[in-house]
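Please walk through the structure below with the text beside it. The paragraphs that follow take up backbone, salt bridges and cavities in turn.

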Amino acid sequence: MTRIELSVAALLLGGYALFFGVLLGLLARRASRVRQQAATAEALVPEIRDTLVDYLAGSNDETRIREFVRTNRQDVANAVLSFQGTVSGSARDRLCDLALQLALVQDWGQETRSKEPAIRRAAYARLAFVCAYEPCQRVVGDLVTRALEDADPEVRLPAARALAQSGSMAEIGRVFVLAASQNLMIRILLTEDLRKYSAELCAQAVPAILKSDDPKRVLAALDMLVAWERALPLLGLHELFEHRDRQIRIAALRLAPLVPLTPENRYAILRELTDTDTEVSTAAALTAGRLRLREAMPSLARCVRTGTAELARMAASAMAAMPPQGWETLEELAAGPSAAAALIASVALEKAKRKAGA
Amino acid sequence: MRESIGPAVFWTVQVLGVLLFLLGLGAFRVLVQGCFALRRRARAGSPDYTEVLLKSALAPAVTTIAVPPNGLPESRKFARRLLDLHFGRNEVVIVLDGPSEAEMEIWRSEFKLYQSARPVERKLRTAAVRGVYESRDPIRIVVVDKEPGGAADAWNTGVNVATSPVIGLLDPESEFLPTVLLRMIQPMLEAFEETVAVCGGGSIPAAEDLTSRWGALESLRAWMTRGAAFSSRNLVLPIPGSAVLARRDAIIASGGFTGGALELIVRLHGFALASRKPYRIAFLPAPVSHCRVPRGMKELRQMVRRDQRELACVFRGVEGSSILRFRRKRDQKQLALAWRHRKSLAGPFGWRIVRDLYLDRSVRPKLETAAYVLTVAGLVMGWVDWNLAGFVLLSTAAMGMVQSLGAVVLREVAQAAGSKPAQTASLFLAAIPENLGYRQLRNLWLIADSFGTMVTEEQNRERMVESPPPVASATPTEE
């Protein structure tokens with residue numbers, strides 16, 4: 001019996017070892033082939049890029065480019081895409097036109113039907129780049145727009161980015177709505193792309209989504225607006241200060257310094273300073289400090305005296321941002337009977353004075 | 001009686017041989033699973049958005065916590081390395097567990113610290129905080145001076161002090177890229193609600209000498225099993241040298257740290273499984289962080305010891321729940337006592353989470369060593385024939401070789417761009433001497449380290465605080 005076990009084990013393990021040996025040989029061959037291809041591409045890509053640069057500079061000689069396309073089609077496609085972000089205007093149109101002439105755009109259109117997710121995603125990313133050029137758009141059709149509904153988020157992303165680059169205002173609004181319902185990664189990427197349309201989006205798309213019944217989307221939209229870090233012509237924010245969802249109230253307070261300070265907003269911020277939810281009142285203290293709301297001083301002083309440590313610290317920082325009245329109040333608090341409030345007030349005051357060089 | 005010893009040894013060795021062979025096959029199956037998981041991942045691709053993430057205000061802030069054992073230059077250098085990480089909003093929290101005044105002074109002068117009024121939340125129960133310090137320099141560092149309470153207590157204090165929603169844990173014994181946080185946060189952002197943690201890193205790169213190659217093989221096997229293979233079952237565990245990002249709210253909800261990063265992740269798994277909500281602990285198989293290359297046997301020994309001791313703590317924590325069920329049948333009084341003082345890491349889910357690891361790192365070395373001893377004794381006494389001895393050797397050393405060879409080859413199969421052929425070949429060949437001498441020595445190390453503790457003397461200056469409540473008591477469980 002032992003002999004049988006030994007034979008079976010030896011056979012099995014020997015077989016495995018042999019299999020791995022052969023596999024290793026094959027993999028080594030594959031690796032060296034890939035390495036060789038990479039080395040060839042590495043040598044060739046600068047040449048392709050130089051030729052493309054010449055073409056973009058006005059040269060009409062396409063002979064070399066066509067030769068490259070015949071021998072290294074993939075490398076040419078990659079080289080065309082490598083200009084993304086570095087060319088714009090007529091140079092970009094010329095490059096896209098070249099991609100169209102060389103039938104690269106049609107290739108990418110075909111590749112969007114691939115079963116390999118990586119190939120599909122790459123194809124959409126490439127189409128997204130060339131779609132800024134109107135003749136390419138005609139060839140691609142509504143492929144990119146339809147991709148906004150794709151099941152793969154990595155496909156939806158390039159499609160949305162393409163529309164954010166070259167779409168109409170209505171399409172850009174659609175991208176904003178899409179961004180608010182996607183995962184955080186996609187939202188971050190689209191927020192950057194949509195930043196330049198912040199003012200236009202505040203006219204229609206943003207108010208529409210802020211009126212949505214879905215608190216998750218409202219919150220996502222508010223976060224995007226805050227992340228733009230731009231002054232926004234957005235009215236009606238005060239309605240969100242009374243939202244039932246505390247996260248939305250907090251996000252609205254964070255956005256408040258970026259929108260026009262209407263009397264409604266001002267009143268709402270002052271009211272939120274007395275909110276029983278400390279996270280809300282902390283956000284209100286931060287906003288009051290950023291907006292230098294002097295009428296918030298009594299509430300802020302009360303927050304330092306009676307609030308939680310974090311709220312007191314934030315309120316003290318807000319007062320420190322409003323000299324001389326804020327500094328005077330902090331000095332009074334620092335000399336007050338409450339040891340905790342005194343420490344917080346003195347640290348905030350010291351920090352502010354150091355910052356001001358006083 | 002004497003006549004029956006011979007057959008008993010023969011059959012014991014026979015059974016051990018078969019068991020070891022089956023265990024080896026099981027471990028090999030896990031490696032193949034890892035290969036498939038890596039292959040799927042490579043085919044799906046993982047775009048690098050680090051540049052956008054670096055600038056984005058939407059990316060969640062990260063607090064990187066470190067618990068240096070002392071004020072030595074290496075500890076301060078590690079703190080500087082954490083401050084140099086590329087991330088939009090990265091705050092470094094250094095927790096000093098009962099430092100002396102001299103140690104505190106070193107930290108104060110190193111980072112120009114002043115006492116801050118920053119509040120410390122008491123979400124996790126810890127020893128008292130003596131003071132919180134921030135830097136006068138424009139760097140986001142917070143140094144916490146606390147009463148001694150042990151390493152886990154210090155980690156929990158770090159979580160209490162942190163204000164970011166995500167906590168970063170980096171191993172001081174690892175090499176990590178400055179972009180590690182930017183790369184690690186990506187899987188978390190793809191599903192922020194469900195992802196409670198991300199473990200990321202690569203295996204040790206192979207170097208020139210044989211010991212470092214053995215270290216590389218050890219790390220590669222761990223990477224393919226605990227990382228890649230376990231990710232396909234959503235049971236990822238960190239490997240030595242890997243970086244970990246975890247959601248602060250998840251850490252707090254699960255009761256906080258009871259040991260190192262490995263225990264934390266096991267606890268997070270247990271808590272998430274107990275709460276019966278969809279969750280994910282993601283794996284990032286990118287070379288963002290890896291264990292230092294061991295130079296010489298001494299460093300290799302240290303590397304194995306650290307890992308095994310951490311695993312031993314996990315196994316002990318997990319065993320708690322199994323032993324409990326065993327005892328239930330015998331002594332109700334003892335059971336009640338054990339129940340009150342239970343410190344089960346992952347409630348009734350511990351065995352599910354660490355089963356494969358337990359078999360590989362706790363059961364196998366013991367069985368293998370026993371098999372060797374019995375085989376040699378049996379050969380000397382004539383109780384065991386050469387065929388059986390050969391079978392034992394095949395079940396142990398040859399099976400080990402196949403596993404190591406398999407790990408090297410399967411990694412190459414999974415990777416779209418292969419490694420350097422010379423490097424692969426050197427690792428492939430290192431698998432042979434690894435199993436003819438080193439493996440047997442390593443078994444003894446693993447057995448010895450199974451009984452060790454993870455906490456170092458410096459980190460446990462005076463006393464330990466009580467462990468956080470167990471997962472099983474926080475949520476409805478089967479027990």
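**A guided reading of the model**

A:Leu157 counts as buried, because its relative accessibility is 2%, and the cut-off for buried is under 20%. The model is a predicted one. A:Leu157 sits in helix α9 of chain A, which covers residues 153–166. Its C-alpha atom is 7.9 Å from that of A:Leu190, although 33 residues separate the two along the chain.

Some backbone details come next. Most residues other than glycine have a negative phi, and most peptide bonds are trans. A:Glu229 has a positive phi, near 55°. This residue belongs to the loop that runs between α14 (215–228) and α15 (246–255) of chain A. A:Glu229 counts as exposed, at 57% relative accessibility. In chain B, B:Asn234 also has a phi near 55°, and its place is the loop between α7 and β9 (243–247). The peptide bond from A:Pro323 to A:Pro324 is cis, with omega near 0°. A:Pro324 is in the loop between α19 (309–320) and α20 (325–334) of chain A.

Salt bridges are the next topic. Over all chains, the structure has 53 of them. One joins A:Glu279 to A:Arg246, with 2.6 Å between the closest N and O atoms. A:Glu279 is in helix α17 (residues 278–290) and A:Arg246 in helix α15 of chain A, so this pair ties together parts 33 residues apart in sequence. Both ends are partly exposed: A:Glu279 has a relative accessible area of 41%, and A:Arg246 has one of 30%.

In chain B, B:Arg80 and B:Glu110 meet in a salt bridge at 3.3 Å, N to O. Here helix α3 (residues 73–83), which holds B:Arg80, is linked to helix α4 (residues 101–111), which holds B:Glu110, and the two residues are 30 apart. B:Arg80 is partly exposed at 33% relative accessibility, and B:Glu110 is partly exposed at 24%.

Are B:Arg439 and B:Glu368 buried or exposed? These two residues form a salt bridge with the closest N and O atoms 2.8 Å apart. The bridge links helix α14 of chain B, where B:Arg439 lies, with helix α12 (residues 350–381), where B:Glu368 lies, across 71 residues. Both partners are buried. Elsewhere, A:Glu242, A:Arg249, A:Arg271, A:Glu272 and A:Asp275 are joined into one network by salt bridges that share partners.

How many cavities of 30 Å³ or more are there? The count is two.

Residues from chains A and B line it, among them A:Leu24, A:Ala28, B:Glu412 and B:Thr424. At least two lining residues each come from α1 (2–56) of chain A and α14 (421–449) of chain B. The largest share, four residues, is from α1(A). Five of the lining residues are nonpolar, two are polar and one is charged.

Finally, the surface. A:Leu18, A:Val22 and A:Leu26 make up a nonpolar patch there, with about 310 Å² of accessible area together. A:Leu26 is in helix α1 of chain A.

Methods:
Residues numbered from 1 in each chain as written. Chains lettered and ligands numbered in written order. Predicted model: local features only at pLDDT ≥ 70, side-chain atom pairs only at ≥ 80, totals over all residues. Heavy atoms only, no water. 1 Å grid on protein atoms, 1.4 Å probe; cavity = no way out; pocket = protein on both sides within 12 Å on 5 of 7 lines; lining within 4 Å. Points joined across faces, edges and corners; volume = space filled by probe spheres on them. Nonpolar A, V, L, I, M, F, W, Y, C, P; charged D, E, K, R; others polar. Patch = residues over 30% accessible without salt bridge, like charges linked within 9 Å, V, L, I, M, F, W, Y side chains within 5 Å. Areas by Shrake-Rupley, 256 points an atom, 1.4 Å probe, with all protein chains shown as cover. Salt bridge = Lys/Arg side-chain N within 4 Å of Asp/Glu carboxyl O. Buried < 20%, exposed > 50% of the residue type's maximum accessible area, 1.4 Å probe, protein only.
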